[in-house]
Amino acid sequence: MGTEVSDLEPVSRRSTAEIVADRIRTAIMRGTFAPGAQLGEVDLAGRLGVSRGPLREAMQRLVAEGLLRSERHRGLFVRELGPDDVRDVYLARTAVERAAALQVLAADRAAAVVALEIPLGAMRAAAAAGDSVALADADHDFHAALVAASGSPRLRRMTDGLLVETRMCLAAFQQTAPPAPDLLAEHELLRDALRDGRTELLLDRLAAHMDDAVARILAAMPGAA
């Protein structure tokens, strides 16, 4: 006999482990936990006010995502990204965002441009205030909004992970960021090319944007060729 719908208990929208994973992910993304840092269960559980069960589940999620690495008998550490990782992250980002841009260009460009104005406004405010963290957050949100406008949940999922890895790169080498006005201008040019439906120009600007970021990060990494 099948289970009646009425027999099913309501499903919690977000588990404690999911919330904890989000908080640790954000801390890694913003450089609160530096690359190579060891994360202790007892300390983290106390700081987050959770039991060690949900914390362990959260940390295993982050291991699966590639943000943490597990060393036997030693514990969990924030993963360090080398030059090859940086190149690979941006290679994947270019592919995903290019695919998303083509989808947007073939659909509702106007709605996408409206969505992009929100992070662009945040970038302008952050640039005016000299707030580098808010500027990086808004940059992150711009690219997330571009991919979200594609309507593809799979592209969105891939982008979520890649943007966290991107922020790990940038947090480790803060001095690599271009001047705020230049960064804002780059994103406005991307918006303009999308708005005008100029496919090749948008794809070229997107590729140049990614290539510039890679060059800046590698220039600051010891031993990067």
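Asp 192 and Arg 195 sit three residues apart in helix α8 (residues 180-195), which is about one turn of the helix. Their side chains meet in a salt bridge, 3.3 Å from N to O. By salt bridge we mean a side-chain nitrogen of Lys or Arg within 4 Å of a carboxyl oxygen of Asp or Glu.

A quick word on the source: this is a predicted model, where local features need pLDDT of at least 70 and side-chain atom pairs count only at pLDDT 80 or more, while totals for chains, interfaces and linings use all residues. Residues are numbered from 1 along each chain as its sequence is written, and side-chain values use heavy atoms, with hydrogens and water left out.

Asp 192 counts as buried because its relative accessibility is 18%, and Arg 195, at 41%, counts as partly exposed. (Buried is under 20% relative accessible area, exposed is over 50%, and partly exposed lies in between, using a 1.4 Å probe and protein chains only.) Both residues also belong to a network of salt bridges that links Glu 117, Arg 124, Glu 188, Arg 191, Asp 192, Arg 195 and Asp 196.

By the salt-bridge rule, the count comes to 22.

| Acidic residue | Basic residue | N to O distance |
| Asp 43 | Arg 47 | 3.4 Å |
| Glu 71 | Arg 74 | 2.6 Å |
| Asp 192 | Arg 195 | 3.3 Å |

Asp 43 and Arg 47 share helix α2 (residues 41-48) and are four residues apart, again about one turn of the helix. Asp 43 has 45% relative accessibility, so it is partly exposed, whereas Arg 47 reaches 54% and counts as exposed. Glu 71 is partly exposed too, at 23%.

Now for the whole chain. It has nine helices and three strands, arranged from the N terminus as α-β-α-α-β-β-α-α-α-α-α-α. Helices (H or I, at least four residues) and strands (E, at least two) are DSSP runs, numbered from the N terminus. The C-alpha trace spans about 55 × 55 × 35 Å along its principal axes.

Of the 225 residues, 37% are buried. Among contacts (heavy atoms within 4.5 Å) with a separation of 6 or more, 72% join residues 24 or more positions apart.

As for charge, the chain carries 27 positive and 32 negative charges, and their mean positions are 2 Å apart. Lys and Arg count as positive and Asp and Glu as negative, leaving out His and the chain ends; each charge is placed at NZ of Lys, CZ of Arg, CG of Asp or CD of Glu.
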